[in-house]
Structure formats: structure tokens, C-alpha cells
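Here is a short briefing on one protein structure. Keep the sequence and the 3D view open as you read.

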Amino acid sequence: MADRAESEPESEPGAESATEDGVIGVGGGGSGGGGGAARGGIGALSMPYQVVAAVALAVVTVLACVHLAMVFLHVAPSNTLTKRHGEAVDDWVYPEFEQNWKLFAPNPLQQNIAVQVRAEVARPDGTRTTTDWIDLSGQDVAQIRGNLLPSHVQQNELRRAWDFYLNSHTDDQRPNGLRGRLSEQYMRRIVMLRLDERALGGTVEKIQLRSATRPVPAPAWSTEKIDTAQSFRTFSWWRITAPDRPGAAAGSSTEGTDAAQARTEAAR
């Protein structure tokens with residue numbers, strides 16, 4: 001009988017094998033068998049990139065915590081911290097992160113209010129003329145429509161300044177202390193910035209404002225009847241002085257401080 005040679009079966013990749021110490025091991029399949037598991041995330045980066053990623057993550061975390069703290073102090077009731085650091089909190093929050101809850105108020109805004117102006121212009125030949133009414137709010141709306149990223153100035157500057165003016169004056173247009181006078185200065189400067197962009201043919205000596213109010217019509221499904229006729233409220237003429245003109249306040253620290261205070265008051 002022919003001797004049959006006994007041959008040991010070849011171990012396949014991944015098969016279990018016994019070592020001399022009796023420990024059963026698993027062979028690695030393919031190249032790199034027996035190596036440690038591949039690292040992922042930041043651990044897979046080289047050391048310099050790990051340092052950069054860690055620093056960036058720390059900066060983002062700190063900024064997020066500071067922002068949450070500032071917004072919390074802004075909406076929280078008056079306390080020791082807000083009294084001591086209120087200006088810093090307002091500088092952080094306004095204008096990009098302001099908190100406005102009018103949308104959820106019991107009586108949300110139901111009117112479209114446009115601010116309009118006309119000016120008395122002194123021409124070079126010595127004559128004076130009065131312009132037609134210029135719709136400043138309409139200019140802002142035209143710049144916002146079709147603009148995916150409208151600026152804060154286009155959306156809120158004029159509207160908030162007008163609210164500031166109305167809320168700081170009596171019904172007979174008398175200012176309520178310092179806030180009222182600041183609101184007048186702020187409105188005049190905003191209007192003069194807008195008029196400076198127009199060729200009026202002379203120097204603006206006086207301006208007059210008016211508001212055009214039109215109620216928002218009821219939705220189609222509502223049975224409510226709303227009169228959507230436009231109404232106007234005309235205010236007194238204002239004489240324009242040198243500090244009201246564009247660029248005039250840049251050289252005066254006092255005027256610059258007043259302008260900054262007026263912007264802060266209007267944003268409240």
C-alpha cells in the first residue's frame with residue numbers, strides 16, 4: 001500500500017491559529033494585518049493640523065459662550081451686571097443680534113407706515129424752491145426686494161429712528177427731554193444723508209417730514225372689513241444746521257458722541 005503523505009492544511013487569511021503559549025489569535029486579512037485600528041477625526045491629522053483644529057474649536061466655543069451670555073444679559077431684567085456693563089452688552093447685541101418680539105405681541109403691527117420728506121432748497125441764483133414729497137421708506141423697500149442679503153441699514157435704520165422719534169415726543173410734537181432732542185438730531189441726520197445722494201440743485205435749508213399710513217388689508221378668507229385708505233400726518237419744518245449735514249459731525253467728538261447715543265437709544 002502506497003504511503004500517503006500527510007500534509008497540513010494551509011491556513012486561510014483570517015483563520016484562527018494557536019500559538020505556542022496556547023493563545024488563539026486571528027490572522028489579519030490583506031495587507032496591514034495585525035495593526036491597530038485606523039484613527040478618525042482630528043486624530044487622523046498630523047500634529048500641526050491637530051493644534052490648529054483644537055485652537056479653532058476653542059475659539060468658537062469661547063465666542064459661543066460669550067454670545068449666549070451677552071444675549072442673556074440683554075434680555076434679563078435690570079441687575080448689577082447690566083447696570084455696570086450695559087453699554088458693552090448693547091454694543092455686542094446691536095444691531096445684528098437685537099431682540100424684537102413685536103411679531104408675537106398680542107396686537108402685532110397691522111399698518112404699513114412710510115416716512116416721507118420734502119425740502120426747501122436755496123438755489124445759487126438766490127431763489128428758494130420746495131421739492132415734492134420723497135418716499136424714504138420706499139427707497140429702502142426697493143433696495144431690499146430681490147436682495148438676498150439686505151443690510152441692517154436698509155431694513156431697520158429709518159424704521160427704528162422713526163419709532164424712536166414718535167415714542168420720545170408728545171402728541172403735539174414736543175420732545176420728552178433728552179431722548180426727544182436726540183431723536184430729532186438723529187432723524188435730521190438720516191434724512192440729510194438720504195437727500196445728499198440726490199441732485200436737488202442747491203443747498204437744503206429746511207426739511208419737513210410726514211408719515212403715510214395704510215392699514216394692511218384683511219386676508220381673502222376673512223370676513224373683516226378694513227378701510228385701506230392712506231392717511232397722512234405732517235410734522236413741522238426743521239431748519240438744517242451745520243451739524244446736521246453729512247460729514248459735519250465727524251470732526252466733533254461731542255457731536256459724534258451724541259450720534260452714537262442716539263443710535264443706541266433708537267435701537268432700544
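From the N terminus on, the elements run β-β-α-α-β-β-β-α-α-α-β-β-α. The protein chain has six helices and seven strands. Helices (H or I, at least four residues) and strands (E, at least two) are DSSP runs, numbered from the N terminus. This is a predicted model, in which local features need pLDDT of at least 70, side-chain atom pairs count only at pLDDT 80 or more, and totals for chains, interfaces and linings use all residues. Residues are numbered from 1 along each chain as its sequence is written, and side-chain values use heavy atoms, with hydrogens and water left out.

**The chain as a whole**

- The protein chain has 268 residues, and 26% of them are buried. Buried means under 20% relative accessible area, exposed means over 50%, and partly exposed lies in between (1.4 Å probe, protein chains only).
- Take the contacts between residues at least 6 apart in sequence: 58% of them join residues at least 24 apart. Contact means heavy atoms within 4.5 Å.

**The largest nonpolar core**

- A nonpolar core is a set of buried Ala, Val, Leu, Ile, Met, Phe, Trp, Tyr and Cys residues joined through side-chain atoms within 4.5 Å.
- The largest one holds 25 residues. Val-117, Met-187, Val-191, Leu-195, Val-204 and Ile-207 touch the most other members.
- Two or more residues each come from β3 (111–122), α4 (152–167), α5 (177–196), β6 (203–215) and β7 (231–239).
- Helix α5 gives the largest share, seven residues.
- What does Val-191 touch, not counting residues up to four places away in sequence? Its partners are Val-117, Leu-136, Ile-207 and Leu-209.

**Helix α4 against helix α5**

- Two packed helices are described by the angle between their axes and the distance between the axes. Axes are lines fitted to C-alpha atoms, for helices over the stretch in contact, and angles run from 0 to 180 degrees between N-to-C directions.
- α4 and α5 pack at about 150°, with axes 9 Å apart.
- That makes α4 roughly antiparallel to α5. Angles under 35 degrees count as roughly parallel, over 145 as roughly antiparallel, 65 to 115 as roughly perpendicular and the rest as oblique.
- α4 passes α5 in a left-handed crossing. A crossing is left-handed if the near helix is turned anticlockwise from the far one by less than a right angle, and right-handed if clockwise.
- On the α4 side, the contact includes Leu-158, Trp-162 and Phe-164. On the α5 side, it includes Leu-182, Met-187 and Ile-190.
- By class, this contact of α4 with α5 has nine nonpolar, one polar and four charged residues. Ala, Val, Leu, Ile, Met, Phe, Trp, Tyr, Cys and Pro count as nonpolar, Asp, Glu, Lys and Arg as charged, and the others, Gly among them, as polar.

**Helix α3 against helix α4**

- Helix α3 (residues 136–144) packs with α4 at about 160°, with axes 9 Å apart.
- α3 and α4 are therefore roughly antiparallel to each other. Their crossing is left-handed.
- Leu-136, Ser-137, Asp-140, Gln-143 and Ile-144 in α3 meet Gln-154, Gln-155 and Leu-158 in α4.
- The contact of α3 with α4 has three nonpolar, four polar and one charged residues.

**Helix α1 against helix α2**

- The axes of α1 (residues 47–75) and α2 (residues 80–93) come within 9 Å and cross at roughly 120°. That makes α1 oblique to α2.
- α1 passes α2 in a left-handed crossing.
- Among the residues in contact are Val-66, Met-70 and Leu-73 of α1, and Leu-81, Val-89 and Trp-92 of α2.

- Ser-183 is in helix α5. Is Ser-183 buried or exposed? Ser-183 counts as buried, because its relative accessibility is 0%.
- Leaving aside neighbours within four places in sequence, Ser-183 is in contact with Phe-164, Tyr-165, Ser-168 and His-169.
- Thr-127 lies in the loop between β3 and β4 (128–130). At 37% relative accessibility, Thr-127 counts as partly exposed.
- Thr-127 and Gly-202 are 75 residues apart along the chain, and their C-alpha atoms are separated by 9.6 Å.
- Gln-173 is found in the loop between α4 and α5. Gln-173 has a positive phi of about 70°, although it is not a glycine. Most residues other than glycine have a negative phi.
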